[in-house]
Amino acid sequence: MELTDHAYRIQGLALTELAQKYGTPLYVYDGEKIVQQVETLKQAFSGVKLKIKYATKALSNVNILKLMKRAGTGVDAVSIEEVMLCLHVGFEPTEIMYTPNCVSFTEIQEAVGLGVMINIDNIPMLEHFGTTYGGSVPICIRLNPHILAGGNAKISVGHIDSKFGISILQLKHVHKVVEAYGLHVVGLHVHTGSDILDAEVFLKGAEILFEAAAEFSDLNFLDFGGGFKVAYKPGDISTDMKDVGFKVSQAFQDFCASYGKELEIWFEPGKFLVSECGLLLVKANVIKPTPATTFVGVDSGLNHLIRPMMYDAYHGVVNLSRLTGPERVYTIVGYICETDTIAADRKLREVQEGDLLAIKNAGAYGFSMSSNYNSRLRPAEVMLLGGMDYLIRERETFEDILRHQVDVAF
Ligand code: LLP
């Protein structure tokens, strides 16, 4: 978003005009920025055989998936429904990594039927798999490296108490199952969490993964999951992709040399590809001064963007309606019957009723975690590409609230 020609714009399109055209609340995604992020990642790992598996869960609109496909990524899907979405938009089954957790074996069988890469994250499933398929279907195994990654415990998933993956301490057991059933393990996977800043965390994960990988003889790839950190606050540091790319690629090349085969390196970024591309545009319904705080109540809330309440996540806010004038401190809250603080104590250009605010970093885990709580409608989504705006999801209507409800005559 840049301030040019008397308006905040993306690709030359004024955000206030988009809000007028489509209404608020409105999710807006900068498609060009997404493509740029894909390219940055490709560049950083240009020395190795990189496969990007975009984490569908971050933003799963079919048009975003199509854009990813066009930019040359594969996908990471965590449910059979995400697998079906990805197939629907034209990804080949071989481009889809299916990483479920705590699903029934029936769902895994369904995924096998669809021909996608299965990532198994617990020993009982590995045994079920062995009994049913033996070595006839290649698999990946998700390991838990026991690393506490990132600054937010709620989104760190590689630690010892996490439900995800098979503990590296259980590797011997894994090998017994693999041998007993003649399983064909072609990949190993780790995902330690979100918001990882430091190349060292990836390197630590890599070291553990390399050690484990040395004991599997027929691997084709190692998957390092997602978790690259993007900037949320002004002055926030984000993952230095060049640095991570350089250091991890070097370690990976060394490993491949000792393994005796040039493996593929996979990453599953969600936030890195789509967080900064997205804005949630909302309207100020009311300015409510209290003795302690001046609240700005907007036409959205935790039903549309749950990250601030769920993870104490910081999202920048800009008053798009005021380009100049004094600044005041506000707490921006939603219209939901809960405490749904979107942003506390923020300096914004003086807000007046009806002003349009932009909530930043709303591309990842914004719409995809939204709900109809308080029987509110979900927003429309618009994608900007090549200086054009495309409506990629219609705003819900009251009929959507009633859909699937059964009005029983009792
Ligand atoms: N791969 C796996 C197996 C994952 O579980 C995740 C995220 C990713 C990749 C993508 O991670 P990313 O690059 O987006 O950090 N909803 C939370 C984050 C939890 C995501 C869960 N898994 C948030 O809004 O911060």
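1. Basis. Residues are numbered from 1 along each chain as its sequence is written, and side-chain values use heavy atoms, with hydrogens and water left out. As the model is predicted, local features need pLDDT of at least 70 and side-chain atom pairs count only at pLDDT 80 or more, while totals for chains, interfaces and linings use all residues.

2. Domains. The protein is assigned domain 1 (2–23 + 278–362 + 364–402) and domain 2 (32–270); such bounds come from an automatic or database domain assignment. Taken over C-alpha atoms, the two centres are 33 Å apart. At the interface, 19 residues of domain 1 contact 18 residues of domain 2, contact meaning heavy atoms within 4.5 Å.

3. Ligand shell. There are 17 residues around the ligand, and S194, E268, K271, R307 and Y365 come nearest; a residue counts as near if one of its heavy atoms lies within 4 Å of the molecule. Domain 1 and domain 2 each supply at least three residues of the shell. By class, the shell has six nonpolar, five polar and six charged residues. In this scheme Ala, Val, Leu, Ile, Met, Phe, Trp, Tyr, Cys and Pro are nonpolar, Asp, Glu, Lys and Arg are charged, and the others, Gly among them, are polar.

4. Polar atoms at the ligand. A polar side-chain atom of E268 is 2.6 Å from a ligand nitrogen. Ligand oxygen atoms lie 2.9 Å from a polar backbone atom of G270 and 2.6 Å from a polar side-chain atom of R307. Of the 570 Å² of accessible area that the ligand has on its own, the protein covers 91% (Shrake-Rupley method, 1.4 Å probe).

5. T99. This residue sits in the loop between β7 (96–98) and α5 (105–114). T99 is buried, at 5% relative accessible area (buried means under 20%, with a 1.4 Å probe and protein chains only). Its side chain makes a polar contact of 3.1 Å with that of N119 (N or O atoms within 3.5 Å, one able to donate a hydrogen and the other to accept it). Leaving aside residues up to four places away in sequence, T99 touches D76, A77, V78, N119, R142, H189 and E268.

6. Helix α3. In α3 (residues 62–71), the buried residues are N63, I64, L65, L67, M68 and A71. At the start of α3, a side-chain oxygen of N61 comes within 2.8 Å of the backbone nitrogen of N63. Just after α3, G72 has a positive phi of about 95°.

Notes: Helix = DSSP H or I, 4+ residues; strand = E, 2+ residues; numbered from the N terminus. Buried < 20%, exposed > 50% of the residue type's maximum accessible area, 1.4 Å probe, protein only.
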